[in-house]
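This briefing is for a reader meeting the structure for the first time.

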Amino acid sequence: MASVRSTFRSTGVAIRLTLLSTVVLGLAYPLAVWGVGQAAFHDQANGSMVTDSSGKVVGSSLIGQSFDGKDADRWFQSRPSAAGEKGYDANASSGSNLGPSNPDLTKAVEERRAALAKADGVSAADVPADAVTASGSGLDPDISPEYALQQVSRVASARGLSADAVRKLVDEHTESRQLGFLGEPVVNVLELNLALAATR
């Protein structure tokens, strides 16, 4: 009889502990984290969304996107993407998984280098590495200042703007190293293109 009573007591403790854990860890803690995120880091907690001048969401500052089509010359271009069939697919984030000695990768890089050199009017040797290679995620929203500056003349010419005005936009949207020493300076392509769109 004592063992049955002990079993019921242990089962009751287990059930109460399970219910308490469910309430604390399954409800209270996630709600607390969500609340702190919304209060202290609202933009980041909601995907770092970027809006245009009319308030319409046009993308996230954390995810790259393609700027192609018939008026592609009017926009700064992102680095290549191997995420999904058309690139920049957030549901298929990945690199190409091709090594540096892979002939397919070498051929693709050389083709991209030649095309960009022709489009931007620069020497193929001067095309930066990030202009011809995809990031590990395929979703990198940033390019190097060197790649952004390479595109200035093309974008300025396509928009009828002075190269100095476009170069100034690049300078204004160049983010320095984090904490002054981590990583490299970068330019967020979406934010730069939005600033470009607002230029008259």
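Tyr88 is buried in this predicted model, because its relative accessible area is 16% and the limit for buried is under 20%. The place of Tyr88 is in the loop between E2 and H3. The points below start from this residue and go on to other parts of the chain.

- Tyr88 is not a glycine, yet its phi is positive, at about 55°.
- Most residues other than glycine have a negative phi.
- Tyr88 and Gly64 are 24 residues apart along the chain, and their C-alpha atoms are separated by 6.3 Å.
- Leaving out residues up to four places away in sequence, Tyr88 touches Gly64, Gln65, Ser66, Ser78, Arg79, Pro80, Ser81, Ala83, Gly138 and Leu139.

- Is Arg79 buried or exposed? Arg79 counts as buried because its relative accessibility is 13%, and buried means under 20%.
- The side chain of Arg79 reaches the backbone oxygen of Thr133 at 3.0 Å.
- Beyond residues up to four places away in sequence, Arg79 touches Tyr88, Asp130, Thr133, Ala134, Ser135, Asp140, Asp142, Ile143 and Tyr147.
- Ser81 has its place in the loop between E2 and H3, and its side chain reaches two backbone atoms: the nitrogen of Ala83 at 3.2 Å and the oxygen of Gly138 at 2.5 Å.
- With neighbours within four places in sequence set aside, Ser81 is in contact with Gly87, Tyr88, Ala134 and Gly138.

- Strand E1 covers residues 49–51 and strand E2 covers residues 57–60; the two pair in the antiparallel sense over three bridges.
- Which residue in E2 is the bridge partner of Val50? The partner is Gly59.
- Five residues lie between E1 and E2 in this hairpin, and Gly55 in the turn has a positive phi of about 90°.

**The sheet of E3, E5 and E4**

- An open sheet is formed by three strands in the order E3-E5-E4, with antiparallel pairing.
- Its edge strands, each pairing on one side only, are E3 and strand E4 (174–175).
- E4 and E5 run antiparallel and are joined by two bridges; Thr174 stands opposite Val187 in E5.
- The loop between E4 and E5 holds Leu179, a residue other than glycine with a positive phi near 60°.
- Leu179 is exposed, because its relative accessible area is 72% and exposed means over 50%.
- Tyr88 and Leu179 thus each have a positive phi, but Tyr88 is buried whereas Leu179 is exposed.

**Helix H7 and what covers it**

- At the start of H7, a side-chain oxygen of Asn188 reaches to within 3.3 Å of the backbone nitrogen of Leu190.
- Helix H7 covers residues 189–197, and its buried residues are Val189, Leu190, Leu192, Asn193, Ala195 and Leu196.
- In an α-helix there are 3.6 residues a turn, so residues three or four places apart point the same way.
- Among the elements that cover the buried residues of H7 are the strands E1, E2, E3 (142–143) and E5 (186–188), along with helix H5 (152–159) and helix H6 (163–172).

**The cavity**

- How many cavities of 30 Å³ or more are there? The count is one.
- The largest cavity has a volume of about 30 Å³.
- Its lining consists of Ser60, Ile63, Gly64, Gln65, Phe67, Ser78, Pro141, Asn188, Val189 and Leu190.
- By class, five lining residues are nonpolar and five are polar, and no charged residue takes part.

Methods:
Residues are numbered from 1 along each chain as its sequence is written. This is a predicted model: local features need pLDDT of at least 70, side-chain atom pairs count only at pLDDT 80 or more; totals for chains, interfaces and linings use all residues. Side-chain values use heavy atoms; hydrogens and water are left out. Two strands pair if DSSP finds at least two bridges between them. Helices (H or I, at least four residues) and strands (E, at least two) are DSSP runs, numbered from the N terminus. On a 1 Å grid over the protein atoms alone, a cavity is a set of points where a 1.4 Å probe fits but cannot get out, and a pocket is an open set with protein on both sides within 12 Å along at least five of seven lines; lining residues have an atom within 4 Å of a point. Grid points are joined across faces, edges and corners, and a volume is the space filled by probe spheres set on the points. Ala, Val, Leu, Ile, Met, Phe, Trp, Tyr, Cys and Pro count as nonpolar, Asp, Glu, Lys and Arg as charged, and the others, Gly among them, as polar. Buried means under 20% relative accessible area, exposed over 50%, partly exposed in between (1.4 Å probe, protein chains only). A polar contact is a pair of N or O atoms within 3.5 Å; within protein, one must be able to donate a hydrogen and the other to accept it, and residues adjacent in sequence count only if both atoms are side-chain atoms. Contact means heavy atoms within 4.5 Å.
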